[in-house]
Amino acid sequence: MVTLHAYPLLPWLSCFNVDEKNQMSFSGPVEDMFGYTVQQFENSEGKWVLIGSPLTGQPAKRTGDVYRCPVGQNKNTGCEKFLLPENTTIPNINEVKENMTMGTTLVVNPDGSGFLACGPQYGYMCGKQQYITGICSNVSSSFKVLNSIAPTVRECKQDMDIVIVLDGSNSIYPWNPITEFLVKFLQSIEIGPARVRFVKEAFTVERGARPGVKKVMVIVTDGESHDHYNLKNVTDQCERDGIERFAVAVLGDYNRQNKTNEEIKNDHFFNVSDEAALVTIVDALGSKIFALEATSEKHTSSFEMEMSQSGFSAHTSKAGVMLGAVGAFDWNGTVVMQSGQEFVVPKKNTFHDPAEQRYEGMAGYIGYDVQSAYTPHGVLYITGAPRFNHSGRVTVYRFDGENVTITQTLKGEQIGSYFGSVLQTHDIDRDSYTDILLVGAPMYMGPERDEQGQVYVYRLNEDGLFEHEMSLKPVNQTCCTAHSQSNCKSVSKNEPCGARFGTAIAAVPDLNLDGFSDIVIGSPLENDHRGAVYIYHGSQKSIKEKYVQRIAAGGDGESMKFFGQSIHGIMDLNDDGIIDVTIGGIGGAALFWSRDVAELLAEMTFDPSKINLQQTCQVQGRTTVCVKTKVCFKYRIKSDKDTNTGTGEEVMYSLTLDSLRAIARGRFNETDNRRLQKNESIVDRLCREHTFYTSDKLDFRDPIMVTLEFGLTDEDSGPVLDGELPTSLNKTVRSHALFLYQSRSNQEKFYVNIDIHNTGDNAYNTKVTLSHTENINYVKVEVGFVICNVARKTFRWNKSATNTFKMGKKSLMFSKTVNICCHFFCSPKIKTVKRIIPE
């Protein structure tokens, strides 16, 4: 039973525009692995979330299936199974659909015409031998199964010539067990009447042998040879003729005569204690012989496509379908490529040359994941082999419809990291060409020897080669188990500990509406298997190394766990013009709505631009110096959808004077406080003016800093502010002051000359104010400032004036630092020259 809920699945998320409070969640049985894969889909009936549940059908059949969950329609209908196992079939074979794990792989066609769902554990019987080849269901946009894709399924063949050679010597008796063995053996391999000939030419055409058919010889003997001198010549001839040989050693005579026997351990040899025991090996012998029809090697344990599990991974693109087949060629793996309407299986050693790599590629799992990359020079195909040489490898190649040409290989750096198990390419700048390749290594060991995981980012250069650019890592997970030595506040209940960051990597179109595509990465083992995902924004032709948002799952980690196991986000599912993200775990999935992004730009100006002590105002009945502060905002919604209701968006802002000082040198008139806060409604543009006045004790050696902080009032709904833009602004307003002198000199007395030259209009009542620190004095004047009249009436244009001050140090002051400031008061701007003249 699958249910749909409207309550929040997650309790919190860090900043930016994926909304955690209003998502749509779906839940299903954990034991069915509901949520293992997710995809977004749209057709004429509406918008959907497709959810894979590979073990649906517990406990009897476990065939797996895919659910379709409506979005925006009648939510009470819940999710509905497609019943794909019933409608996915290959005719004329004995199918085995139990445990086929339908829904393990789920991909939407790039043109939206349908989707592909695969069950890599699909099998069929050939006699008593079961082969696991995998199958995919090609589903149309109207949810009809168009056809079943199983390119590695082979017809069960019985084209095999078997010759049985029986030892007729007196050492084998009684004969009845031998005939019973023959009857049961012939029944077990399910072939027609056998031709048993005791002649050397048994495999000649004249004797009924068929050219091109596999040849098998079963020899039943007591093992004692009387013509051993010719043994090598006979066996070499059999090798040249391709005759597969099985030997059954009947040790009855050996045992009766107490002879010793050295057991030969080989899958082509059987030892039985006596003649009566022959019937006990019939099934094993028959299975090994029957398995030969699936192999081309000299060993019955060697397979080509019969255990391929094609559809373990899948990728659909304009170039066609790629199917990963990890079990092909004895689990070395391969990639089944679509060429036109046909599927091509590359040759055995296409991806692994045993002459150069004897053991590195054995059971490497090529095809664990598959991807493609578009370049100006054609399509690159990519596949991962996470067990290649134990550290993993990614292979980049071209495909011309018949042949594979490898162009590059990328190697993992840590044994057991599963490098290459997850692949994702992405066009960041949206120019139709691939920019980056991300390679997941979810079992990469972190500093605490736990599976933290790591994602490698490669940039595609102009030569069509991938260059490593950066490595992404999750928030470090401290493993607190019952055996941990560290001081842990809570103990993890689940093993293994870690994150497995990189288990899922999704290429998402522009989430934050900045023109660049983005990346979402799953980390399903974080927080005691509750899971988390990370969002990375794109920039130019790559992504930013620091994630902008981390969504951590809530719950108990039992009814819903491994959040981030699957991720998909390519559509706007609620018609607000923004891409939404679907995230799956085991036991559920959630559709997260993305919120619109707004730009709020601020500017701040002062009138006057510099504090003028002669420009006074009246505040609370006293004369002081005032400055008008004007703040202006520009507001814009980044989505194409028109959300303007005419009422505007409410913004809040605050102004603070001297925020870095303990005591501010000014206060706002409105609040009589250093701080002012306002809420206003804005549509496109907003300007407001606020006045502050200065304190009585004038101290303007440093400018007054005015801090503007701003944001949107409603943080839970509506748009969010662009995270790339600032939400605060610091600006300073200076006085007409000139910092003149700061000295650590040992001189007792010195002169300060100030030269003033008027380059503008005539100035009236021009004065110079000199202020200084306490450790010096001006003649006998106390600490403070000195005012000198430069010109009592008019300081005329193009005239100059010089004032000389003689300063002396106070002997009792401990500070050796001397500060002198000079203020000029006049109407127009004046040019000042500073000069310090020691005595």
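Predicted model: local features only at pLDDT ≥ 70, side-chain atom pairs only at ≥ 80, totals over all residues.
Residues are numbered from 1 along each chain as its sequence is written, and side-chain values use heavy atoms, with hydrogens and water left out.

**Exercise 1.** Describe the disulfide of Cys-632 and Cys-687.

Solution. 
- Step 1: A disulfide is a pair of cysteine sulfur atoms within 2.5 Å. The sulfur atoms of Cys-632 and Cys-687 are 2.1 Å apart.
- Step 2: The torsion about this S-S bond is 120°, and the link of Cys-632 and Cys-687 is right-handed.
- Step 3: Cys-632 lies in strand S44 and Cys-687 in strand S48, 55 residues apart. Strands (E, at least two residues) are DSSP runs, numbered from the N terminus.
- Step 4: Buried means under 20% relative accessible area, exposed over 50%, and partly exposed in between (1.4 Å probe, protein chains only). Cys-632, at 7%, is buried, whereas Cys-687, at 27%, is partly exposed.

**Exercise 2.** Describe the largest nonpolar core and the contacts of Phe-633.

Solution. 
- Step 1: A nonpolar core is a set of buried Ala, Val, Leu, Ile, Met, Phe, Trp, Tyr and Cys residues joined through side-chain atoms within 4.5 Å. The largest has 26 residues, and Phe-633 is one of those with the most contacts inside it.
- Step 2: Among the elements giving two or more residues to this core are strand S44 (622-637) and strand S48 (685-694).
- Step 3: Contact means heavy atoms within 4.5 Å. Not counting residues up to four places away in sequence, Phe-633 touches residues including Leu-600, Tyr-653 and Leu-708.

Conventions:
Helix = DSSP H or I, 4+ residues; strand = E, 2+ residues; numbered from the N terminus.
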